[in-house]
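Open the model in your viewer and keep the sequence panel beside it.

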Amino acid sequence: MRIAALIVAAGRGTRAASGQGAGPKQYAAIGGRTVLTRAIDAFARHPEITEVKVVIHADDGELYERATAGFGFGKLSPAAIGGASRQASVLRGLEALADAAPDVVLIHDAARPFVSSKTISNVIAALRERPAALAALPVTDTLKRTSAKGVVTETVARAGLWRAQTPQGFQFAPIIAAHREAAKKNLDTFTDDAAIAEWAGLEVAIVEDSTGNIKITTAEDIELADRQMTSALEPRTGTGFDVHRFSEGDHVWLGGVKIPHTHKLEGHSDADVVLHALTDALLGAIGDGDIGQHFPPSDPKWKGAASRLFLEDAVRRVRETGGRIGNVDVTVLAEAPRIGPHRPAMQSLIGEVLGLPPNRVGIKATTMESMGFVGRREGIAAMASAMVFVPADEAK
């Protein structure tokens, strides 16, 4: 089943405008990452999601590019430009997905950056039996209805009442048809996509959400979430080292870049010492074994494999702990080839995989002054370190 996530980020967020500098709330920083980046990440790293599409405001192109620079998932497709209302923005996002024709779409507000993988999975599971489903919380407070004068006129029974949240999931064909019909009739007063589904006669299932899936609305929300995220993260460091000998060939793979050379590096995979050392550094930071444990050289499945796959798996493991990568640093030990001309390409590729901008990916090189196996040009070695921030409860 092809499952797309549509993240709505075209709003202006005026109530949060006084928080962390100018710009809409979805681009405010929480624990070192933007609200939008966290929302994208929750869906991009979910194994059942096949594509993530973001709807942005026409004026936010530069903010969006900065927020997603080096984003380490290939699932993120080009952004769509939103309309004059949330409903119009969603329709534009759905139209942008129409050519790919996913079976299911999950529509999510960018202002909910803490949606859990479990909630996403549960909404998807509900869609296997129903045409629509939404994450929601049961109402637990006593509800009062008042008059225009602010006087209580009635206590409303809360049994059967739920607070609608996102993601809201739908079979793709009926929800885009419903949105198109609503637009054709100039009906632009629906407060969420489930309401459009109800109007179109679709049965909508309730999926109980967690209280952590909060919506960022005000500047105070941003400040509180930032304090909680920052105080709840503990720094971890990891190191990695790898070495491979030379054999007959005409190129080497270093940092995911193919570099012409008089020899190749010998190994079961592509023998990329830079990515191997980085993989071990990330695994070391979260105490999750090493590259040989997860990708044993004895397994023919990995013969000739691109080492980017190993690094992507390590990133996935970090993210599954709820952690984020702060920066990485690599030193290549080699007499040749020269690393300098290829440094930008390595930083770009590694940054893409790790979800980091190039200035957080250090690539250095040194010779061994003709000493040892590296000095004798028998092979290449690499050392790597990584800074990872993990939730404090994971660190205990």
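A residue is called buried when its relative accessible area is under 20%, exposed when that area is over 50%, and partly exposed in between. Glutamate 234, with 33% relative accessibility, therefore counts as partly exposed. The model on screen is a predicted one.

**The whole chain**

Start with everything shown as a cartoon. The chain holds 13 helices and 18 strands. Its C-alpha atoms fill a box of roughly 90 × 40 × 40 Å along the principal axes. Of the 396 residues in the chain, 48% are buried. Among contacts with a separation of 6 or more, 75% are between residues 24 or more positions apart.

**The five-stranded sheet**

Next, select the strands β15, β12, β18, β16 and β17. They form an open sheet in the order β15-β12-β18-β16-β17, with mixed pairing. At the edges are β15 (263–265) and β17 (361–366), each of which pairs on one side only. From one strand to the next, the twist averages 20 degrees.

**Alanine 386**

Which strand holds alanine 386? Select the residue and you will be in strand β18. Alanine 386 has a relative accessible area of 4% and is buried, because the cut-off for buried is under 20%. Show its surroundings: beyond its neighbours within four places in sequence, alanine 386 is in contact with Arg236, Thr237, Gly238, Ala281, Leu282, Asn327 and Val328. Draw a C-alpha to C-alpha distance from alanine 386 to isoleucine 325; the two are 7.5 Å apart in space and 61 residues apart in sequence.

**An aromatic cluster**

The structure has four aromatic pairs. Select phenylalanine 295 and phenylalanine 310 for one of them: the ring centres are 4.5 Å apart, the planes are at 35 degrees, and the pair is tilted. Phenylalanine 295 is in the loop between α9 (291–294) and α10 (308–320), while phenylalanine 310 is in helix α10, so the pair ties together parts that are 15 residues apart in sequence.

**A charge over a ring**

Move to arginine 324 and phenylalanine 389. The charged end of arginine 324 sits over the ring of phenylalanine 389, at 4.6 Å from the ring centre.

**Salt bridges**

How many salt bridges does the structure hold? The count is 21.

Arginine 236 has 23% relative accessibility and counts as partly exposed.

Then select aspartate 329 and lysine 364. Their salt bridge has its closest N and O atoms 2.7 Å apart. The pair links distant parts of the chain, with aspartate 329 in strand β16 and lysine 364 in strand β17, 35 residues apart. Both side chains belong to partly exposed residues: aspartate 329 has a relative accessible area of 27%, and lysine 364 is at 36%.

For a linked group, select Asp288, Asp313, Arg316 and Arg317. Salt bridges with shared partners join these four into one network.

Finish at glutamate 154 and arginine 145, whose side chains meet in a salt bridge of 2.5 Å, N to O. Glutamate 154 is partly exposed at 37% relative accessible area, and arginine 145 is partly exposed at 44%.

Note on methods. Residues numbered from 1 in each chain as written. Predicted model: local features only at pLDDT ≥ 70, side-chain atom pairs only at ≥ 80, totals over all residues. Heavy atoms only, no water. Phe/Tyr/Trp six-rings, centres within 6.5 Å; stacked < 30°, edge-to-face > 60°. Helix = DSSP H or I, 4+ residues; strand = E, 2+ residues; numbered from the N terminus. Lys NZ or Arg CZ within 6 Å of the ring centre and 35° of its normal. Pairing = 2+ DSSP bridges. Axes fitted to C-alpha atoms, helices over the stretch in contact; angles between N-to-C directions. Buried < 20%, exposed > 50% of the residue type's maximum accessible area, 1.4 Å probe, protein only. Contact = heavy atoms within 4.5 Å.
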